[in-house]
Amino acid sequence: MRQMTFYFDLGSPFAYLAAERIPTLIPEPIEWQPVLLGGLFKLAGRSSWALGDDKRRQAGMAEIERRAQSYGLPPMRWPDPWPTDYLIATRAATYAFTVGKGREFTLQAFRSAFRHGRDMSIAANVLQAAQRVGIDRDRLITATNDSLIKQRLRRATEAAFQLGVFGVPTLAIDDELFWGDDRLEDAAARLRRSSERPGNDRDNPVPRT
C-alpha cells in the first residue's frame, strides 16, 4: 500500500483549497500532517509570496479567489491581518490529531480563517474552532503550551524538510512530492496510472525537490 501524506499549515490559503479538494480527488488512506511554514521557509532560506511586494501579494490573492470560485467553494474572506503568526493554531492542530479530531479541527480552522475572515492567530478563535468539533477547551489550552506538542510539531517540520518539502500544500506519495493546490489533479492521475499498471508504478516519476 502506498504511503500518502498531506503537509499543510493553517495560515496557507492554498493549503485550505487543497484540504477542501483532497477528499474528492485522492483515495484514502492519507495522513494529514501539520507543519510550520515559517519553519520550512527558515530551513530553506526563503520567504512567502505574501510578504514584501504588494503587487505580487495582490495577484496571489486574486488567483486564490479565482480558484475558490472555480472549485465551487464559498467566496474567500481574508482575515485582517493576513498573513500573521499561526503558531498557536498549528500547535492546536497537532494536538487535535492526537485525540482523533485532527481533520475535523483542520477543516474548521481553515474555514474560520478563509470563509469567515477570522484571525487564527487569536487564541479565542482557535478555541472556538476546537469547541465546534468537540475538543475540550481547557485541554487544548494546556496542549498548546505542552513541550511534547511543541516538539512534535517542530520535528514534523524538520522531517518534512528532509524529505524535500519546502512549501505547502504538499502531497507526498511514497517518495514523490506534489507541491501546490494545482498539483492535486496530477497526483490523482499518477495514482490512476499506478492502479492501471500493477507492478509498473514508477513510470514518469516526479523528481524530489
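The model is predicted, so local features are reported only at pLDDT of at least 70 and side-chain atom pairs only at pLDDT 80 or more, while totals for chains, interfaces and linings use all residues. Residues are numbered from 1 along each chain as its sequence is written, and side-chain values use heavy atoms, with hydrogens and water left out.

A nonpolar core is a set of buried Ala, Val, Leu, Ile, Met, Phe, Trp, Tyr and Cys residues joined through side-chain atoms within 4.5 Å; buried means under 20% relative accessible area, exposed over 50%, and partly exposed in between (1.4 Å probe, protein chains only). The largest such core holds 51 residues, and Phe6, Ile26, Phe105 and Leu171 have the most contacts inside it. Helix α1 (residues 13–25) gives the most to this core, with seven residues; helices (H or I, at least four residues) and strands (E, at least two) are DSSP runs, numbered from the N terminus. Apart from this core lies another, of ten residues, among them Val35, Leu40, Val168 and Ala172. Phenylalanine 105 is in contact (heavy atoms within 4.5 Å) with residues including Leu10, Ala89, Val126 and Ile135, where residues up to four places away in sequence are not counted.

Helix α4 (residues 87–98) comes next. Its twelve residues reach 17 Å from the first C-alpha to the last, close to the 16 Å expected at 1.5 Å a residue; the expected span is 1.5 Å times one less than the number of residues. Buried residues of α4 include Ala89, Arg91, Tyr95 and Ala96. Among the elements covering the buried residues of α4 are β2 (31–34), α5 (102–114) and α8. Just after α4, glycine 100 takes a positive phi of about 75°.

Helix α8 (residues 147–163) contains threonine 157, which counts as buried because its relative accessibility is 4%. The side chain of threonine 157 reaches the backbone oxygen of leucine 153 at 2.9 Å. Not counting residues up to four places away in sequence, threonine 157 touches Val35, Leu36, Gly39, Leu40 and Leu43.

Charged residues complete the picture. Side chains of opposite charge can pair when their charged atoms come close. A salt bridge is a side-chain nitrogen of Lys or Arg within 4 Å of a carboxyl oxygen of Asp or Glu, and a search of the whole structure finds twelve. In one of these, arginine 115 pairs with glutamate 20, the closest N and O atoms being 3.1 Å apart. Arginine 115 lies in the loop between α5 and α6 and glutamate 20 in helix α1, so this pair ties together parts that are 95 residues apart in sequence. Arginine 115 counts as partly exposed at 22% relative accessibility, whereas glutamate 20, at 14%, counts as buried.

Glutamate 176 and arginine 190 form another salt bridge, with the closest N and O atoms 3.2 Å apart. Glutamate 176 lies in strand β4 (residues 176–179) and arginine 190 in helix α9 (residues 184–196), so the pair ties together parts that are 14 residues apart in sequence. Both glutamate 176 and arginine 190 are buried. Aspartate 186 and arginine 183 also meet in a salt bridge, at 2.7 Å from N to O. Aspartate 186 is partly exposed at 37% relative accessibility, and arginine 183 is partly exposed at 23%. Finally, Arg21, Glu63, Arg66, Arg67, Asp181, Asp182 and Glu185 are linked in a network of salt bridges.

Methods. Polar contact = N/O pair within 3.5 Å; in protein donor to acceptor, adjacent residues only side chain to side chain.
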